Amino acid sequence: MIFRGLEVSVTGMAAQRIRIDVASSNLANVNSTRAENGQPYRRKVPVFKAILDKESGIPVYQVRVSKIVADPSPYKMKYDPKHPDAGSDGYVRLPNVDPLREMVDMMSAIRTYEANLTAFNTHKDMLLKSLELIRV
Amino acid sequence: MSELFSHIDNLEEKASFFLQRVKVIQGNIANADTPFYQPVDLKFEKIVRQQIKLRKTDPKHIDPFPEVKVKIDEIKTKNFTGYDQNRVNIEEELAKLAESSIMYKTLLESMKKELAKLKYAISGR
């Protein structure tokens, strides 16, 4: 199909947008001490997967977010005995989210999104250029 | 196709190669964050048809006239890899994208000129 190349860049943009969404949700929950199962929030990480586009006959790889997994690294501990979620030792377990890391991740995602957009526009220009042949 | 259009055919073949190459590069850019992904590239190689006729008498024989015009070349780059083993160099991919797009547009412009010449010859104006 003629627009298959555009589709490839769209999958790239969609994947980067999911990365930004996940980083935003991590940032928003930097202080959530109660999430699912009453446990503190765990940082989420999207897992990317390359998928060979079989129809095109040439090695074109689309990208998909195959799953979103929880980061198993340990929770941060903070001494705060007055907190309602503090343990008997006076420590509160806080999410394993590092705001700085999330910000860096977001900036990297924006840059890659832009690169995908450039590729999309280049391909679009090429397709429009071929239309000029019927105007001869 | 007749001799009249053979030049345009040649240009068309090359232009279509660059369009294919752009798709492959788009795939590389889309996978700039996929762990273990290795970038791919296409190589244009025209196979000259042999004059001697060879016959295949066994299915295991290699095809004497391979109709390969575009060779697929999987690059083993020695690029720096991050912790995720991804070898895509986004600057390099964008440069290749620009190069292929310019080549494509140039070839299309040449095709337009060829067609205009034919039109001139036919109509006389």
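Predicted model: local features only at pLDDT ≥ 70, side-chain atom pairs only at ≥ 80, totals over all residues.
Helices, H or I runs of at least four residues, and strands, E runs of at least two, are taken from DSSP and numbered from the N terminus.

View 1. An unreviewed UniProt entry annotates residues 6-33 of chain A as "domain: Flagellar basal body rod protein N-terminal".

**View 2. A nonpolar surface patch formed by M1(A), I2(A) and F3(A).** The patch has an area of about 350 Å². M1(A) belongs to the segment that precedes α1 (4-28) of chain A. The relative accessible area of M1(A) is 63%, so this residue counts as exposed.

**View 3. Strands β3 and β4 of chain A.** Strand β3 (residues 76-79) of chain A runs antiparallel to β4(A), and 4 bridges join the two. K76(A) has L94(A), in β4(A), as its bridge partner. L94(A) also belongs, with V92(A), to the covered face of strand β4 (residues 91-94) of chain A. Y91(A) and R93(A) make up the uncovered face of that strand.

View 4. The mean pLDDT of chain B is 83, and 82% of its residues score at least 70. Within chain B, helix α2 (residues 90-123) has the highest confidence, at a mean of 94. The lowest is in strand β2 (residues 70-73) of chain B, at a mean of 70. For the complex, the predictor reports an ipTM of 0.88 and a pTM of 0.83.

Technical notes. Residues numbered from 1 in each chain as written. Chains lettered and ligands numbered in written order. Heavy atoms only, no water. pLDDT = per-residue confidence, 0-100. Patch = residues over 30% accessible without salt bridge, like charges linked within 9 Å, V, L, I, M, F, W, Y side chains within 5 Å. Areas by Shrake-Rupley, 256 points an atom, 1.4 Å probe, with all protein chains shown as cover. Salt bridge = Lys/Arg side-chain N within 4 Å of Asp/Glu carboxyl O. Buried < 20%, exposed > 50% of the residue type's maximum accessible area, 1.4 Å probe, protein only. UniProt positions renumbered as here; feature names shortened; annotations may be inferred. Pairing = 2+ DSSP bridges.
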